[in-house]
Amino acid sequence: MSEPPPLSDAEREELVAYLDGELDEEAARAVAARINVDPRVRAEAEALRGTWDLLDYLPRPEPSPSFTHRTLQRVSALRLTQPARRPWRVWQIAAGWAAAVVLATLVGFGGMEAFLARQPTDEDLIRDLRIIENKRLYEPVDDIDFLRKLAQPELFGDDSPGS
Amino acid sequence: MESIGKTSTQLALRDPDVRLMHRVRNDEPGAFEELVTRYQHRLIAVMHHLVGDAEEAEDLAQEVFLRVYRARKKYHARSRFSTWLFTIANNLALNSLRNRQRKPVVPLEVRDSGPLGPRPAEQLARDRADQPAQCIQQQELAALVRQALDGLNERQRMAVILNKFEDMNYAEIAEVMGLSTKAVKSLLSRARTNLRNALAGYVHMDSQPVPKAPVDEDK
């Protein structure tokens, strides 16, 4: 006759939960019934319960007499290193943030004004219209003195192109 | 927001420790000392079971109280006070145990003294297997139980300690450890199976010995 298979993980979980009183009424009744009819499950339950009870042999240490005093001393030291935040300090921080926002707004506004001031007006465009129209011709010329020299007829002699 | 406030008020009415923590939050003189006095035994016991060293357990418990003090102004009761306290303790203790694993230290076991000489506990267990559990001295049995507990991984150990010594149900353990209730059920099942395998030889059983259950390391 072959040995019955060991309890599965799920069966064992149910058994442990039963011993811990964690199952609902119906599930608890089912496990209790299995314990009653299956000696293998009953022995397993007894072993689990017995080894659980052995944990009571572990000593329960008491705090040393100075524990409370030492802990409170450390808390006192903590109070000294972390002074309470005063109300005026909170206002100081809020005022700092407000000042930063105002400053950023002013800088942004001034920058935009300067940028717009650099844009040419209609009057500027009318005054420079001839230059704009002949921009293609002026581009190869390095400076205005050269243009003025070109305007002097003695540089090219008396011959006119048509003669 | 209103519902949180309502929950907090209901909990404060039910749980005297929540009321005490509110007094700590309001910096009432003597309130924090009362909190330390009220919880130090439980906290140190849990830490001691977890790390196995009295001095380290006190250091960790002290650090938990300091964290509670630092966080007092942000405290809002959403569950029992002890659940919040042990959540802090769980985080701190698990970090400490992980750091210890990264920097292993030589355990200060008393191996060369006592009537047993320098034999490891496994040898002791084998030697005493045929004797009734009652004959084993209480201290020796405590050492074996300690060793079995140390054999669990830190999450299993924490779940066992909260369940056994703090009488927490699965839902409370789940909240403390940041797990689902189903995960706690599974964790405790594996932990108790491992404990059973390590300690079954020391339990007096009338029925036939059961075959060894498969060991789940959960690591």
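R67(B) is partly exposed, with 15 other C-beta atoms within 10 Å. A residue needs 20 or more such atoms to be buried and 12 or fewer to be exposed, so R67(B) falls in between. The residue sits in helix α4 of chain B. This is a predicted model. The predictor gives the complex an ipTM of 0.74 and a pTM of 0.67.

**Around R67(B)**
- R67(B) and L92(B) are 25 residues apart along the chain.
- Their C-alpha atoms are separated by 9.7 Å.
- The helix that holds R67(B) is α4 of chain B, and α4 (54-70) supplies at least two residues of the side of chain B that touches chain A.

**The two chains**
- Chain B has 10 helices and 0 strands.
- Read along the sequence, its pattern is α-α-α-α-α-α-α-α-α-α.
- Chain A has 9 helices and 0 strands.
- From the N terminus on, chain A runs α-α-α-α-α-α-α-α-α.
- Of the 219 residues of chain B, 33% count as buried.
- In chain A, buried residues make up 13% of the 163 residues.
- Within chain B, consider the contacts with a separation of 6 or more: residues 24 or more positions apart account for 61% of them.

**Where the chains meet**
- On chain B, 45 residues are in contact with 36 residues of chain A.
- Five helices of chain B each supply at least two residues of the side that touches chain A: α3 (31-51), α4 (54-70), α7 (138-150), α8 (154-165) and α10 (181-199).
- α3(B) gives the most to this side, with 10 residues.
- The residues of this side of chain B divide into 24 nonpolar, 14 polar and 7 charged.

**Helix α8(B)**
- α8(B) is among the helices with residues on the side of chain B that touches chain A.
- Its length fits a simple estimate: at 1.5 Å a residue, the 12 residues of α8(B) should span 16 Å, and the end C-alpha atoms are 16 Å apart, which agrees.
- Of the 12 residues of α8(B), 10 are buried, so this helix is largely enclosed by the rest of the structure.
- The buried residues of α8(B) are E154(B), R155(B), Q156(B), R157(B), M158(B), A159(B), V160(B), I161(B), L162(B) and N163(B).
- Just after α8(B), D167(B) takes a positive phi of about 55 degrees.

**How α9(B) packs on α10(B)**
- Helix α9 (residues 170-177) of chain B and α10(B) pack with their axes 8 Å apart, at an angle of about 100 degrees.
- Angles of 65 to 115 degrees count as roughly perpendicular, so α9(B) and α10(B) are roughly perpendicular to each other.
- From α9(B), the contact uses Y170(B), A171(B), I173(B) and A174(B).
- From α10(B), the contact uses T181(B), V184(B) and K185(B).
- The residues of this contact divide into 5 nonpolar, 1 polar and 1 charged.

**Confidence**
- Chain B averages a pLDDT of 81, and 71% of the residues score at least 70.
- Over residues 107-125 of chain B, pLDDT stays under 50.
- For residues 107-125 of chain B, the model has 9 contacts beyond four places in sequence.
- Over residues 205-211 of chain B, the pLDDT is also below 50.
- Beyond near neighbours in sequence, the stretch 205-211 of chain B has 13 contacts in the model.
- Where pLDDT is low, the predicted coordinates should not be read in detail.

Conventions. Residues numbered from 1 in each chain as written. Chains lettered and ligands numbered in written order. Predicted model: local features only at pLDDT ≥ 70, side-chain atom pairs only at ≥ 80, totals over all residues. Contact = placed C-beta atoms within 7 Å. Helix = DSSP H or I, 4+ residues; strand = E, 2+ residues; numbered from the N terminus. Nonpolar A, V, L, I, M, F, W, Y, C, P; charged D, E, K, R; others polar. Expected span 1.5 Å × (residues − 1). pLDDT = per-residue confidence, 0-100. Axes fitted to C-alpha atoms, helices over the stretch in contact; angles between N-to-C directions. Parallel < 35°, antiparallel > 145°, perpendicular 65-115°, else oblique.
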